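User: I am new to this structure. Please show it, and then let us go through it in questions and answers.

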Amino acid sequence: AMAARCRLAARFHHVHGANIRLDASRTQATRVESFANGLCFSQEPLAPGQIFLVEIEEKELGWCGHLRVGLTAHDPQSLEVVPEYSLPDLVNMGDTWVFAITRSHNRVVVEGEEMQVRGAPWEPFLLIERVRIPRDTLVGRSRPGRYSHILDDLYKMNVLPATARRSRIGVLYAPRPDGTADMHIVINGEDMGPSARHLPMTRPLYAVVDVFASTKSVRVIPVDYGFPSLQTLCRVVIQKHIVHRLAIDGLDLPPLLKSFCQHE
């Protein structure tokens, strides 16, 4: 059930900021001008423990600030006007929690609590409270080159800065025993800690992605929980039968399938 829900929600809502252009699959969001009006939302509300993961595809020089992500209880369809900024505009509407990603210092340490012991970055699963997510998909890697498919195991160990191209950033909420939830930001397979606490779980929560300032374009990355989807299995077969990943452009495949195979 979680796997099916994740695949349905792994695209952007048709309601978005004035400067955002979505591709045909609604998995890529590009800010076409200025540095603001780049708000995007998940197509569906997230389930508890479900991560909404994006990869930074393009950067734009000359602006200060980076990607912002979070959660909102506002149904995008109900917004009369999409706010210009997630911070502070959307947050000031209430029932919204947004975290600004920086090049470093993204980890949240709660006062009075000891730093949690985190698993090694090569462990197969990321554990957040009772949430268990396959780590491999969460980790951003450098752009595949001509022979990089031979070095895939090394790419799994690649550590990118949070705001770099190919970096992967996700948001989810983890339920607490008191009936509320904590919002967690995950950067390249590492949990940054609870960036917002005691979120109400009585209303649906949508992911918020603000394609802000130096972040110009992002793409939603589907995450398989448990068994991989048929779509993912087809991608693996295609990738195993080509000389290198860049050769996908030359295959006689529908554009959306090519795009999916190129963005793992």
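User: Which residues are linked in a network of salt bridges?

Analyst: This is a predicted model, in which local features need pLDDT of at least 70 and side-chain atom pairs count only at pLDDT 80 or more, while totals for chains, interfaces and linings use all residues. Residues are numbered from 1 along each chain as its sequence is written, and side-chain values use heavy atoms, with hydrogens and water left out. A salt bridge is a side-chain nitrogen of Lys or Arg within 4 Å of a carboxyl oxygen of Asp or Glu. The network of such links holds R176, D178, D182 and R197.

User: What N to O distance belongs to the salt bridge of D182 and R176?

Analyst: R176 also meets D178 in a salt bridge, at 3.9 Å from N to O. For the side chains of D182 and R176, the N to O value is 3.0 Å.

User: Is D182 buried or exposed?

Analyst: Buried means under 20% relative accessible area, exposed over 50%, and partly exposed in between (1.4 Å probe, protein chains only). R176 has 25% and is partly exposed, and D178 with 48% is partly exposed too. D182 has a relative accessible area of 1%, so this residue counts as buried.

User: How many salt bridges does the count come to?

Analyst: One of them joins E60 and R31, whose closest N and O atoms are 2.9 Å apart. By the 4 Å rule, the count comes to 10.

User: Where do E60 and R31 lie in the chain?

Analyst: Strands (E, at least two residues) and helices (H or I, at least four) are DSSP runs, numbered from the N terminus. The pair links distant parts of the chain, 29 residues apart. E60 is partly exposed because its relative accessibility is 25%, whereas R31 is buried because its value is 0%. E60 lies in the loop between β4 (52-59) and β5 (68-72), and R31 in strand β2 (residues 28-31).

User: In what order do the 7 strands of the open sheet stand?

Analyst: Two strands pair if DSSP finds at least two bridges between them. The pairing in this sheet is antiparallel. The order is β1-β2-β13-β4-β9-β10-β11.

User: Which strands stand at the edges of this sheet?

Analyst: A strand at the edge has a single partner strand, so one of its sides is left without a neighbour in the sheet. The strands in that place are β1 (20-22) and β11 (190-200).

User: Which residue in β10 stands opposite L172?

Analyst: Strand β9 (residues 168-175) and strand β10 (residues 180-187) pair in the antiparallel sense over 7 bridges. Opposite L172 stands H184.

User: Which side chain does D191 join in a polar contact of 3.0 Å?

Analyst: A polar contact is a pair of N or O atoms within 3.5 Å; within protein, one must be able to donate a hydrogen and the other to accept it, and residues adjacent in sequence count only if both atoms are side-chain atoms. D191 has its place in strand β11 and is buried, at 5% relative accessibility. Its side chain also reaches the backbone nitrogen of G193 at 2.9 Å. The side chain joined at 3.0 Å is that of H184.

User: What percentage of the 264 residues of the chain count as buried?

Analyst: The chain has 5 helices and 13 strands. Of its 264 residues, the part that counts as buried is 51%.
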